[in-house]
Amino acid sequence: YAIDHESKNGVLVNGTKIEARTALQDRDVITIGDSTLVYSTEDSPFTEQVLELMKRPGQGHLHTRTSD
């Protein structure tokens with residue numbers, strides 16, 4: 001789920017500002033301020049290539065994992 005806790009700029013899911021808790025689906029694009037995230041339900045062998053393609057000059061990316 002994506003939740004916006006009354007942030008100044010809001011949270012967008014696939015370009016639409018969310019107003020309530022929103023269920024996420026594979027490949028949803030989440031925008032929070034100047035940051036863009038892509039939600040995935042599984043690991044991809046292409047994760048690093050996707051992150052490199054999405055980089056803007058001077059911008060880093062955080063890739064997190066959860067353990068099962």
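This report walks through the fold of a predicted model, its sheet, and a few residues worth a look.

Local features here need pLDDT of at least 70, and side-chain atom pairs count only at pLDDT 80 or more, while totals for chains, interfaces and linings use all residues. Residues are numbered from 1 along each chain as its sequence is written, and side-chain values use heavy atoms, with hydrogens and water left out.

**The overall picture**

The protein has one helix and four strands, and along the sequence they come in the pattern β-β-β-β-α. Helices (H or I, at least four residues) and strands (E, at least two) are DSSP runs, numbered from the N terminus. Of the 68 residues, 15% are buried. Buried here means under 20% relative accessible area, exposed means over 50%, and partly exposed is in between (1.4 Å probe, protein chains only).

The accessible surface comes to about 6,000 Å², and 49% of that belongs to carbon and sulfur atoms; the areas come from the Shrake-Rupley method with a 1.4 Å probe. Now take the contacts between residues at least 6 apart in sequence: 2% of them join residues at least 24 apart. A contact means heavy atoms within 4.5 Å.

The four strands make an open sheet in the order 2-1-3-4, with antiparallel pairing. Strand 2 (16-17) and strand 4 (35-38) are the edge strands, each pairing on one side only. Two strands count as paired if DSSP finds at least two bridges between them.

Strand 1 (residues 11-13) pairs with strand 3 in the antiparallel sense, over three bridges. In that pairing, leucine 12 stands opposite threonine 31 of strand 3. On to strand 3 (residues 29-32) and strand 4: four bridges join these two antiparallel strands. Isoleucine 30 has leucine 37 as its bridge partner in strand 4, and isoleucine 32 has serine 35. Strands 3 and 4 form a hairpin with two residues between them, and glycine 33 in the turn has a positive phi of about 60°.

Strand 4 also holds threonine 36. Threonine 36 counts as partly exposed because its relative accessibility is 27%. Its C-alpha atom is separated by 9.8 Å from that of valine 13, a residue 23 positions away along the chain.

Most residues other than glycine have a negative phi.

**Rings**

How many aromatic pairs does the structure hold? The count is zero. For the record, rings of Phe, Tyr and Trp (its six-membered ring) pair if their centres lie within 6.5 Å; planes under 30 degrees apart count as stacked, over 60 as edge-to-face and the rest as tilted.

There is a charge over a ring to look at, though: arginine 21 lies over the face of tyrosine 1, at 4.0 Å from the ring centre. That label applies if NZ of Lys or CZ of Arg is within 6 Å of the ring centre and within 35 degrees of the ring normal.
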